[in-house]
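Please examine the sequence and the structure shown below.

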Amino acid sequence: SLGALAGAIAAFLAVVALAHAVQGGAGGGRGTQAAAAIILAGIAGSQMFNALTAFTIARSANAEQARGLMFWLMGNLSGVRWDDVAPCVAVTLIGTALCLWHRRGLDAFTFGADSAAALGVEVRKLRGLLITVTALMVGVLVSKVGAIGFVGLVVPHAMRFLVGTRHQRLVPASALAGAVFLVVADVIARIIVPGQVLPIGVITALVGAPAFALILIRGARR
């Protein structure tokens, strides 16, 4: 977990530095330009750290170990023990509590960073705090179960349709729905292929990618 925390912080700082450099080179972006810079920096950082992970595995593991590691990296709950539950519960509760504590600031962000600043929200401070907390949470959880994609992308959007955009309801609803979705995906991964357990990331991607595409299309048509 400590190694995962260090890696998460390193990835976060790298992405922030690259996004800042891109925006600075473009004369300081706002709105869509700033969001695009962060997304592109995130993609670049993801590819770089994925390459470092693959290099480490290739240098340090034999073929059988590499296969097991790659399987685990796609998401797997089979190796989780009760000793792993305590740190996961701790970071999840702390992170969720911090998000709820700053629910009004998150509500203000719904209208954009400029509107949030006009409402008195310290945009840079709050954004940095919440992204840092998220990076730490993800680092610990991924160290236990591997990378399981699309849960954090799709579930909050789905919950917005059910409970609205107020984060006082949206944060706990997303946490609960995400947990249920993950358990259901784990059950499907264990039974869909007889005698074989699939990585959970495969199931969440097969469900999440089309759902996220529909969300993007619906958002573009508004």
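**Briefing on selected features**

Ala41 belongs to helix H2, which spans residues 32-60. The model under discussion is a predicted one.

**Ala41 and its surroundings**

- Ala41 counts as buried, because its relative accessibility is 2%, and a residue under 20% is classed as buried.
- Beyond its neighbours within four places in sequence, Ala41 is in contact with Val15, Leu18 and Ala19.
- The C-alpha atoms of Ala41 and His20 are separated by 9.1 Å, and these two residues lie 21 residues apart along the chain.

**Regions annotated as transmembrane**

- An unreviewed UniProt entry carries the annotation "transmembrane region" for residues 37-61, 82-103, 129-158, 170-192 and 198-217.
- Over residues 37-61, the model is 96% helix and 0% strand. The end C-alpha atoms of this stretch are 36 Å apart.
- Over residues 82-103, the chain is 95% helix and 0% strand, with the end C-alpha atoms 32 Å apart.

**Cysteines**

- A disulfide is a covalent bond between the sulfur atoms of two cysteines.
- The structure holds zero disulfides. Cys88 takes part in none, and the nearest cysteine sulfur to it, that of Cys99, is 17 Å away.
- Cys88 is buried, with a relative accessible area of 16%.
- Cys99 counts as partly exposed, because its relative accessibility is 21% and the buried class requires a value under 20%.

**The second largest pocket**

- The second largest pocket holds about 160 Å³ of space.
- Its lining consists of Trp101, His102, Arg104, Gly105, Gly120, Val121, Glu122, Lys125, Leu126 and Leu129.
- Which helices each supply at least two residues of this lining? They are helix H5 (103-109) and helix H7 (123-145).
- Helix H7 gives the most to the lining of the second largest pocket, with three residues.
- Sorted by class, the lining of this pocket has four nonpolar, three polar and three charged residues.

Definitions and conventions: Residues numbered from 1 in each chain as written. Predicted model: local features only at pLDDT ≥ 70, side-chain atom pairs only at ≥ 80, totals over all residues. Heavy atoms only, no water. 1 Å grid on protein atoms, 1.4 Å probe; cavity = no way out; pocket = protein on both sides within 12 Å on 5 of 7 lines; lining within 4 Å. Points joined across faces, edges and corners; volume = space filled by probe spheres on them. Helix = DSSP H or I, 4+ residues; strand = E, 2+ residues; numbered from the N terminus. Nonpolar A, V, L, I, M, F, W, Y, C, P; charged D, E, K, R; others polar. UniProt positions renumbered as here; feature names shortened; annotations may be inferred. Disulfide = S-S within 2.5 Å. Buried < 20%, exposed > 50% of the residue type's maximum accessible area, 1.4 Å probe, protein only. Contact = heavy atoms within 4.5 Å.
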